[in-house]
Amino acid sequence: MSILVFVESSEGQVKKTSIEAVAYAAAMGGDVTAIALGNNIENSELEGLGKYGASKVLHADDERLNQGVIQAYAAVIAKAMEDTGAEVLVLANSSLGNPVSARVSVKVDASLVSNVTDLPDTSGGFKVKRSIYTGKAFAVVELTKNKKILAIKKNAAEVKETGGSAAVEKYKVTISDNDFGAKITNTDKATGEVLLPEAEIVVSGGRGLKGPENWGMVEELAKELGAATGCSKPVSDMGWRPHHEHVGQTGVKVSPQLYIAIGISGAIQHLAGVNSSKYIVVINKDPEAPFFKAADYGIVGDAFEIVPKLTEALRAA
Ligand code: FAD
């Protein structure tokens, strides 16, 4: 089976979710070619995809592709599927991967499934498991078209280093200005050292922290852990924290390895944004707080005592 993997990058580095997509494709057992778009990705990063199972990387190093314009990306990836004879396209279930996959599926007439959590079952047809209802349930979906597109949920694929270096080939694109249809004229970078949607560790605070003046201890703990900071909706509604930190059903959905919730009750709308986290640690003074039911580890107590001690212990470690 020939598989193409669309690889996303940020600041010259391949994103972890795309490494997961490559590892997923390799685990499917096919011949894996990756494709990267734009000329601001480091070559060593692309060669490094060989470690996760890509035999070859096509690099469409056209400056016009640096901006992540969905229409243009879809045009290039659809053409690359044709050129490589790929039967399956694998990509990250991300804010870029999802709209790109939808457009590519129309262009190449493919079955598309997003939020994929498991490797395909090909024992009778081609079936994949996907997460639905914000991670509360699963559905098994059969893909019936010849071409298939799988958008892989973050943290769903096991990343193992198995191979060596991938051969990187320049891939000449045949797009015109007409393939763009949109132009990004300005971008505002989120503040903070670690971006919330990408973060491996998130330290998040709720109304239990009483006011914006108490966020110093959250930031210190986050800094010690190399984590991003998040918050509950009321906290951003009240202007204690910026809106882009609001986690939940109506905010950012995170899938870190570790989510630390401080003074957050665990309302269903908040849990909807965090239930793909690998481990959840809850710090709350109320032992009946609903968040404890979703927690892997819980600390019942006053955040104002516990958080500084935790930071101190990490510094001493
Ligand atoms: P509270 O519910 O007030 O909880 C504060 C917690 O802090 C309590 O559990 C308390 O025991 C604890 N606490 C107090 N003092 C301390 C202390 N000293 N030490 C330790 N713990 C302490 N919410 C979201 O977060 N994200 C969303 O996306 C979202 N979307 C929504 C969409 C809709 C349509 C609606 C209706 C609501 C939405 N909400 C969302 C709001 C949600 O229902 C809750 O109201 C909200 O999550 C509560 O925020 P909180 O846990 O910070 O505050």
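Leaving aside its neighbours within four places in sequence, with which residues is Val-104 in contact? The points below take up this question within a reading of the predicted model.

1. Overall form. The protein chain comprises 9 helices and 16 strands. Its C-alpha trace spans about 60 × 45 × 40 Å along the principal axes. A compact globule of 317 residues would have a radius of gyration near 20 Å, and the value of 21 Å for the protein chain therefore agrees with that expectation.

2. Of the 317 residues in the protein chain, 47% are buried. Among contacts between residues at least 6 apart in sequence, 65% join residues at least 24 apart.

3. Annotated region. The UniProt record, an unreviewed entry, assigns residues 3–184 to "domain: Electron transfer flavoprotein alpha/beta-subunit N-terminal". In the model this span is 25% helix and 30% strand, and its end C-alpha atoms lie 30 Å apart.

4. The largest nonpolar core. This core has 31 residues, and Ile-35, Leu-65 and Val-104 are those with the most contacts inside it. Elements giving two or more residues to the core include strand 1, strand 4 (31–37), strand 5 (56–60), helix 4 (97–108) and strand 10 (147–152). Helix 3 provides the largest share, 9 residues.

5. Val-104. As to the opening question, Val-104 is in contact with Ala-74, Ile-77, Ala-78, Met-81, Leu-89, Asp-109 and Ile-149, its neighbours within four places in sequence being left aside. A second, separate core has 30 residues, among them Val-14, Met-28, Tyr-52 and Ile-152.

6. Glu-8. This residue is placed in the loop between strand 1 (2–7) and strand 2 (9–10). Is Glu-8 buried or exposed? With a relative accessible area of 5%, Glu-8 falls under the 20% cut-off and is therefore buried. Its side chain makes a polar contact with the side chain of Ser-94, at 2.6 Å. Beyond four places in sequence, the residues that Glu-8 touches include Gln-13, Val-14, Lys-15, Ser-18, Ala-92, Leu-96 and Gly-97.

7. Helix 5. Which residues of helix 5 (residues 216–225) are buried? They are Met-217, Val-218, Leu-221 and Ala-222. These residues cover an arc of only 135° around the axis, so they lie on the same side of helix 5. In an α-helix there are 3.6 residues a turn, so residues three or four places apart point the same way. The buried residues of helix 5 pack against strand 12 (201–205), strand 13 (228–231), strand 14 (258–262) and helix 9 (303–316). Just after helix 5, Gly-226 adopts a positive phi of about 65°.

How values were computed
Residues are numbered from 1 along each chain as its sequence is written. This is a predicted model: local features need pLDDT of at least 70, side-chain atom pairs count only at pLDDT 80 or more; totals for chains, interfaces and linings use all residues. Side-chain values use heavy atoms; hydrogens and water are left out. Helices (H or I, at least four residues) and strands (E, at least two) are DSSP runs, numbered from the N terminus. Buried means under 20% relative accessible area, exposed over 50%, partly exposed in between (1.4 Å probe, protein chains only). A polar contact is a pair of N or O atoms within 3.5 Å; within protein, one must be able to donate a hydrogen and the other to accept it, and residues adjacent in sequence count only if both atoms are side-chain atoms. Contact means heavy atoms within 4.5 Å. A nonpolar core is a set of buried Ala, Val, Leu, Ile, Met, Phe, Trp, Tyr and Cys residues joined through side-chain atoms within 4.5 Å. The arc is that of the directions from the helix axis to the C-beta atoms. UniProt positions are given in the numbering used here, feature names are shortened, and annotations may be inferred rather than shown by experiment. The radius of gyration is taken over C-alpha atoms; the globule rule is 2.2 Å times the number of residues to the power 0.38.
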